[in-house]
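Thanks for taking a look at this one with me. Below are a few notes to read alongside the model.

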Protein chains: 2
Amino acid sequence: MNGDVELISIYECLCDQTRLRLLNLLNVRPLCVCHFQELLGEPQVKISKHLAYLRKRGLVEAERDGNWMIYRLPKKRSPELDKNLRCLQDCVQENRIFKQDITKLKRRSKAIEASSPCGC
Amino acid sequence: MNGDVELISIYECLCDQTRLRLLNLLNVRPLCVCHFQELLGEPQVKISKHLAYLRKRGLVEAERDGNWMIYRLPKKRSPELDKNLRCLQDCVQENRIFKQDITKLKRRSKAIEASSPCGC
DNA sequence: TAACAATATACCGCTTGAAGTATATTCCTT
DNA sequence: AAGGAATATACTTCAAGCGGTATATTGTTA
């Protein structure tokens, strides 16, 4: 109902480096927690909590697939969220860490898919 | 040196309603603290502290003019800041509170200028 | 220099969030 | 049903931020 509440909530989600890295990777494709662990090199609990934070505020969606939880960016997005996700992508293009994450994702995509039985 | 540090710092600045209102008004023109008090209807200390927060992180610049401090958006902006300020403007267009602030600023501009001796 | 106006800062109490450790949940497999 | 794998949650500690009250700073004017 109050547009600015949602906007602030978006910005709150964006002011943590781990969450930015998660969103950056999700912009490529849906991923499950174990993939984030592999890609970010961060402990499971940290990733899980940040994903829960994002999910609670509607910045990601989750769907269970057997043992795995597949996280994705929401298909339906508010104008504010859509604009800020685009802006984030724009800002992040030049950034070493985020580019590395993407490179790692693409380089290891096949290996990850082969070694892990989850569908994402 | 570390691009993502600055980006996160920008998002930290943007996740408070008062600061968003300040930035929204500064997008129109430079303003001093007393004008913000008048326009937002918030106590001086609150406005002053949020402006200090923004200034410390480079989202606004300040210049003393006699008794007054004139705050403005920085002339030179990093690409990240520039993109996010534009995105914010875009997001805020539809929002009642922010539109009201702008309306109030424009409607009272002449009165403010006439009644207050500060240069902004 | 004294008084005043505009603004900034110090301090306090409260809340939120981040990371870590431990444990719980959920689903699959045997 | 039991064990295991993937993920989530509870709890703790610590730091940061917000709002309020009081006070300090800085510059102007009489």
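**Notes on the DNA surface and the chain pair**

1. Let's start with the surface near DNA strand D: its residues divide into 12 nonpolar, 6 polar and 5 charged. Here Ala, Val, Leu, Ile, Met, Phe, Trp, Tyr, Cys and Pro count as nonpolar, Asp, Glu, Lys and Arg as charged, and the others, Gly among them, as polar.

2. A word on the source: this is a predicted model, where local features need pLDDT of at least 70, side-chain atom pairs count only at pLDDT 80 or more, and totals for chains, interfaces and linings use all residues. Residues are numbered from 1 along each chain as its sequence is written, while chains are lettered from A and ligands numbered from 1 in the order in which they are written.

3. Around DNA strand D there are 23 residues, a residue being near if its C-beta atom, placed from the backbone, lies within 6 Å of the strand. The closest are A:Cys32, A:Val33, A:Cys34, A:Ser48 and B:Gly66. Two or more residues each come from α3 (33-40), α4 (44-56) and β3 (68-72) of chain A and from α4 (44-56) of chain B. Helices (H or I, at least four residues) and strands (E, at least two) are DSSP runs, numbered from the N terminus. The largest share, 6 residues, is that of α4(A).

4. Now for the two chains: 19 residues of chain A are in contact with 19 residues of chain B, with contact meaning C-beta atoms, placed from the backbone, within 7 Å. On the chain A side, α1(A) gives the most, with 7 residues.
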